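Please put the model up on the screen. I will go through a few local features, one after another.

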Amino acid sequence: MIRFLNVRLTWLVAFITLQTAVTFLSPLSPLSNQVVCAQDAEPAEEKPTADGKEEAGPGQADAEQEARRELQRELARLRNREMRPRREINIFSPLDLPTPNDARSAIGLPGPGYWQQQADYRMEVTLDDQADTLVGRETITYTNNSPTPLPYLWLNLEQNLFRSDSDGSKFTPRASRFNNIGEFEGGYTIEFVRIGGQELNLEVFDTVGRVMLPNSIEPRGGQVQLEVGWKFNIPSYGADRMGIQFVEQGKIYEMAQWFPSVCKFDDVNGWNNLPYLGQGEFYTDFGTYDVKITAPRGHVVCATGVLQNPTEVLTPAQQERLNQAKQSAKTVMIRTQEEVGTPAGSPEGEGPLTWHFKAEKVRTFAWTASQATIWDAAGITWDDGSTVLCQSVYPKESLQTWPESTQMLRHSVLLYSDQWFRYPYPTVTNVSGVCGGMEYPMVLFCSDDFSKAGLFAVTSHELGHSWFPMIVNTDERRYPWMDEGFNTFINFYDRFDVYNADINGQPLASRDENGPPSGRGRGNSTLVNQPIALPADQLRPDRLGRLAYFKPGNGMRLLREVILGPERFDPAFKLYIREWAFKSPQPADFFRCMENATGMNLAWFWRGWFLEDNLCDQAITSVTTGRDAESVRVQIANKQEMVMPVFLRVEFEDKTTKDVELPVYVWYYTNLWSADVPTEGKSVAKVTLDPRRNIPDADRSNNTWNAPKADKTDQPEKAEGESGGDKPGANDGGGDDDDRR
Ligand SMILES: [Zn+2]
């Protein structure tokens, strides 16, 4: 039979450390059809062990009695939490979200009044590869679609991060990843700012600048054309976002966050002009780009968008190979290692060449130029005949791994397109250079400092950013989890899909012993001491990986695989991507979209996982006879603030098992729940909470209950196969397991 859990001192200690928790006024949970659930209306009765015998000496018995009484007091506290909320809220309370409006609907989708600004750029820039400078002229056509007249514009001046006296230089630890390493003085020299020939004053405040306009830009379609002239010294290490890689055959320039751009103006914050301090990436409007890049002859230039003038900048052989590559699933060499640095590597003639690119519906523009790069490409053709040109540029130093880069790109473009939303752009280029890993529209910067598995992981990740935040445009400085976290989530499935069995092929069902769900579980079941939902620059640098990437990524897996199931989750998340593609959702939009489309109130999950840093710890507190002899009652405690559904496995003596799931609602108004599990008369050998390690349980030592070993004196050995007659609750004190067999 099932006997009371013998109280151990460790239990007592564990319970004494319980935190005051939450109580709720909510309807009763639905009943599982397999399991009768009940709030513990009565205390687990104080009973002697089932056979009525003390198993220890008198002094120890007293101690156990006292410990048992203390446990009962603690259980009573758990059961009847004071009806006082933790603060003014509890884990299940509705989130304090902004009221839905015409622009952002109650179901978390763009409303009929949604608007966003448009910023279109025409630029002509010249790279000096001797002085390492860039000189540029740009015309920004800015369209004010908002209902608000705009008397001034804010510009991003991100190169100013690389001034030695910038806020970022002071705020970001010297020689850290997002600082500018070495002795270098960067920043813009602004040569002019004009509208219609009229010179305007640009007031510079660190990495942003304000231009007061002669006339406000009219709302709902008013336009202004701003001309800006500028130059800057190119940092060799630009906060791991841009810079110069020095290789044997020359330099590889990676250019990003390089031109003055208009800050995003939106319906939520007005001007999004948070400074560029380092850790936070960027948030800008969509626009079209028409960019002419003049670079020394011999350089290969790849960029956001489609090359407009291949006949002017490529050799006839390169043009032919490039056309071939578009139609080829196999990688085609465009510029071979042998051609680099020779006349065959670039068109005949003297002087620099101007590469002309155009791109549409992108939130910025990045590019690379180098005389040292090998160039290869392959294509993807969609059903409608449109193509994606997947390209890689890398120096000979990267030959060990990078010749596979283009196929890695193809694999991941196809997988993400198939799983979530079709890749909408005509090109993508992976660049081997100084940046460890950074993403821009149609351009990825990845270092060559990787094994093949490492290159696949970083390529898959940077490409995944095409969806978050290049297509679904979120505020990377305020909400890094909405791009890094969502991207990490989709990366899991790309890595489970076999690109190369040696690199990949990790089964989806695998669970990480140290922190489920599988893979990089750090931070799931331990306190991180900061919530996920903080602006990027407010995250401790040593917590960035956990809080921006893995905890939100794993949280999305929890939601998909454990809490909702893919069939409930996937249509909702695809809807979020599709409806917000080329628009800018806020966290509230995401929360609402997922709750409405899945039909589940998830406030507890958003609060516990994203908005606060809460622990989850479920524990088995007792296993007793159920309401009748055909069932067993398992009492479960929720010992911390985070709640999760309950997964129980009852193992019987005959080695059969019964799995039971309880909805998260069992924690609505109590932290102590009892489930009656039918046993069909079989003896219970073991009960385990969360046997598949689905949930982020902080303490697994309290997740298992083993039936006490039989007392030989009144527990006759039974014949094999007769345990069916050994019913829980049968008053013989026996029938429980004897694992000495
Ligand atoms: Zn990332």
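Met 123 has Glu 138, in strand 3, as its bridge partner. Before I go on, this is a predicted model, where local features need pLDDT of at least 70, side-chain atom pairs count only at pLDDT 80 or more, and totals for chains, interfaces and linings use all residues. Residues are numbered from 1 along each chain as its sequence is written.

The two strands here are strand 2, residues 118-128, and strand 3, residues 133-144; they run antiparallel and are joined by 11 bridges. Strands, by the way, are DSSP runs of E with at least two residues, helices are runs of H or I with at least four, and both are numbered from the N terminus. Two strands pair if DSSP finds at least two bridges between them. Strands 2 and 3 make a hairpin, with four residues between them. In that turn, Asp 132 has a positive phi of about 55°.

Strand 2 also pairs with strand 16, residues 287-295, in the parallel sense over six bridges. There, Tyr 121 stands opposite Tyr 289 of strand 16.

Asp 206 is not a glycine, yet its phi is positive, about 60°. Where is Asp 206 found? It sits in the loop between strand 7 (202-205) and strand 8 (208-217). Asp 206 has 18 other C-beta atoms within 10 Å, so it counts as partly exposed. The cut-offs are 20 or more other C-beta atoms within 10 Å for buried, 12 or fewer for exposed, and partly exposed in between, with C-beta atoms placed from the backbone. Lys 361, in strand 20 (residues 353-362), has a positive phi near 55°. With 16 C-beta neighbours inside 10 Å, Lys 361 is partly exposed.

Now the helices. In helix 8, residues 466-471, we find Pro 469. The peptide bond joining Phe 468 and Pro 469 is cis, with omega about 15°.

Last, helix 9 (residues 480-496) and helix 10 (residues 544-564) pack at about 60°, with axes 7 Å apart. Axes are lines fitted to C-alpha atoms, for helices over the stretch in contact, and angles run from 0 to 180 degrees between N-to-C directions. Helix 9 and helix 10 are therefore oblique to each other. Under 35 degrees would be roughly parallel, over 145 roughly antiparallel, 65 to 115 roughly perpendicular, and the rest is oblique.
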